[in-house]
Amino acid sequence: MIRDQKRLDELLQRTRRFVREVAIPNEDRVEAEDNVGPDLVAAMRGIGSFGWSIPEAYGGSGLTTEELALAFMELTQCSVAYRVVGAQNAGIGSECLIRDGTEAQKQRYLPSLARGELIGCLALTEEMAGSDATALQTRAERAADGSYVLNGAKRYITLAPIAGLFTVLARTDGSERGAAGVTAFLIERGTPGLTTSGSTPKMGQEGAPIGEVYLEDCRVPGEAIIGLVPGQGFRTVMKCLNKQRINLAALSTGPAIRMLDEAVAYARERHQSGRPIGEFQLVQAMLAECKVEIEATRALILETARKRDRDEDVTMDVSLCKYMATEMCCRVADRVVQIFGGQGYVKGRGIERFYRDVRAARIYEGTSQIHLLNIAKHLLRG
Ligand SMILES: Cc1cc2nc3c(=O)[nH]c(=O)nc-3n(C[C@H](O)[C@H](O)[C@H](O)COP(=O)(O)OP(=O)(O)OC[C@H]3O[C@@H](n4cnc5c(N)ncnc54)[C@H](O)[C@@H]3O)c2cc1C
């Protein structure tokens, strides 16, 4: 649903200007420094990306699902690190709190998350709990005074090394596995017993660190439980991820749009056998295949976003979007490396960076296999 086309167009224009004038010229620097510097973070604060999904009452833009998808497709036409740092707060960094937090919890955290002064992260995955997140082993024992003591370790947590607010999923009912006894806690950096690793070395997305979160006798008050009700954590996280899967689909479409733009320009510029390579029909086919897939994915995402905005059930649709967009983006990256030939493989044009950066999206927030299973489950349910 688009509430005010003119206001949305202005937001998209601002974002486009940031991408073209600030983000793209600094992509190599972000990769080389493995950091999105303070000047770039300030520029993203200027376009408001940290608070796009946060309700206006707490200082955000309160974008609808459709508006957010369009904004994300615009923001992600530059290297992936920008949107991880500048827009995680508009996704998994705040969504559990928005869905199920109490008014006091929202008042406490959402305004600074919306301004990008506080970085939020979602700490679910553990060594023995990946695709099967219900196997998580982090425990939170309730003490006599109503506080909870957490022990466990999380891994691969996006922005953990720089985050200030951690949504931590822990088991509160003494069980060994299953979703029922899992509770979501909001824990601030600086709380004794919560520490993080440095940045875990990875294939791409330089500038967007992931890391481990350690909980060692980390004591938090009962008021740290999202919504104050124990045992609801898994439900909360699934609500968050349901929306996030549409977001991630949009976040995977922007890079594909950018890569195709680069490939079209290169197909005009690069000559072989006395002609631009764009005149070769085999190159044309690769360009056209990218375009078909991008447009089909874009249409599916926007239709799903509109359905969600109408409060319709989108539990299967979000898997369609996440699977289709992340797989599409990797196919586009592969074709675009091919169109650039050697220039696609060596550093310099940023193509190999996209190829590495976008690969992760088929793994996180549910692997492609998990989404295929979810789609099949819905189909077979009849
Ligand atoms: C860059 C990056 C950022 C991340 N950020 C976060 C974050 O912010 N917060 C967070 O909590 N987590 C995060 N993760 C973790 C991510 O969500 C997990 O890596 C993902 O859920 C997969 O879990 P796993 O790595 O343990 O793989 P596994 O679950 O061990 O899967 C290994 C393989 O087995 C397949 N498989 C597993 N189970 C099944 C099944 N039932 N049927 C068929 N195939 C199956 C998978 O599809 C995959 O191919 C991040 C990961 C990466 C790489």
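Analyst: Helices (H or I, at least four residues) and strands (E, at least two) are DSSP runs, numbered from the N terminus. Residues are numbered from 1 along each chain as its sequence is written, and side-chain values use heavy atoms, with hydrogens and water left out. The model is predicted, so local features need pLDDT of at least 70 and side-chain atom pairs pLDDT 80 or more, while totals for chains, interfaces and linings use all residues.

User: What makes something a cavity here, and how many are there of 30 Å³ or more?

Analyst: On a 1 Å grid over the protein atoms alone, a cavity is a set of points where a 1.4 Å probe fits but cannot get out; a pocket is an open set with protein on both sides within 12 Å along at least five of seven lines. Points are joined across faces, edges and corners, and a volume is the space filled by probe spheres set on them. By that rule there is one cavity of 30 Å³ or more. The largest cavity comes out at about 50 Å³.

User: How do you know which residues line the largest cavity?

Analyst: A lining residue has an atom within 4 Å of a grid point. For the largest cavity that gives Val 80, Arg 83, Gln 205, Leu 251, Ser 252, Pro 255, Asp 357, Val 358, Ala 361 and Tyr 364. Helix 5 (80-87) and helix 8 (233-269) each put in at least two residues, and helix 8 has the largest share, with three.

User: What classes do the residues lining the largest cavity fall into?

Analyst: Six are nonpolar, two polar and two charged. Nonpolar covers Ala, Val, Leu, Ile, Met, Phe, Trp, Tyr, Cys and Pro; charged covers Asp, Glu, Lys and Arg; the others, Gly among them, are polar.

User: And where does the second largest pocket lie relative to the domains?

Analyst: Both domain 1 (5-115) and domain 2 (120-231) give residues to its lining, so the second largest pocket lies between them. The domain bounds come from an automatic or database assignment. This pocket holds about 250 Å³ of space and has 15 lining residues, with Arg 108, Tyr 109, Pro 221, Glu 223 and Ala 224 nearest its centre. Helix 7 (103-115), strand 5 (182-188) and strand 7 (210-220) each give two or more residues, and helix 7 gives the most, four. By class, the lining splits into eight nonpolar, three polar and four charged residues.

User: How do you know whether there are any disulfides, and how many are there?

Analyst: A disulfide is a pair of cysteine sulfur atoms within 2.5 Å, and the structure holds zero of them. Take Cys 321: the nearest cysteine sulfur, from Cys 329, is 14 Å away, so it's in no disulfide.

User: Why are Cys 321 and Cys 330 called buried?

Analyst: Buried means under 20% relative accessible area, exposed over 50%, and partly exposed in between (1.4 Å probe, protein chains only). Cys 321 has 0%, so it counts as buried, and Cys 330 at 11% does too.

User: What about Asn 26 and Glu 27: buried or exposed?

Analyst: Asn 26 has 18%, so it's buried, and Glu 27, at 5%, is buried as well. Asn 26 is in the loop between helix 1 (5-23) and helix 2 (27-33), while Glu 27 belongs to helix 2.

User: What makes the pairing of Asn 26 and Arg 29 a polar contact?

Analyst: A polar contact needs N or O atoms within 3.5 Å, and within protein one must be able to donate a hydrogen and the other to accept it; residues adjacent in sequence count only if both atoms are side-chain atoms. The side chains of Asn 26 and Arg 29 make such a contact at 3.0 Å.

User: Why is Gly 348 called exposed?

Analyst: Its relative accessible area is 59%, so it clears the cut-off for exposed. Gly 348 lies in the loop between helix 11 (342-345) and helix 12 (351-357).
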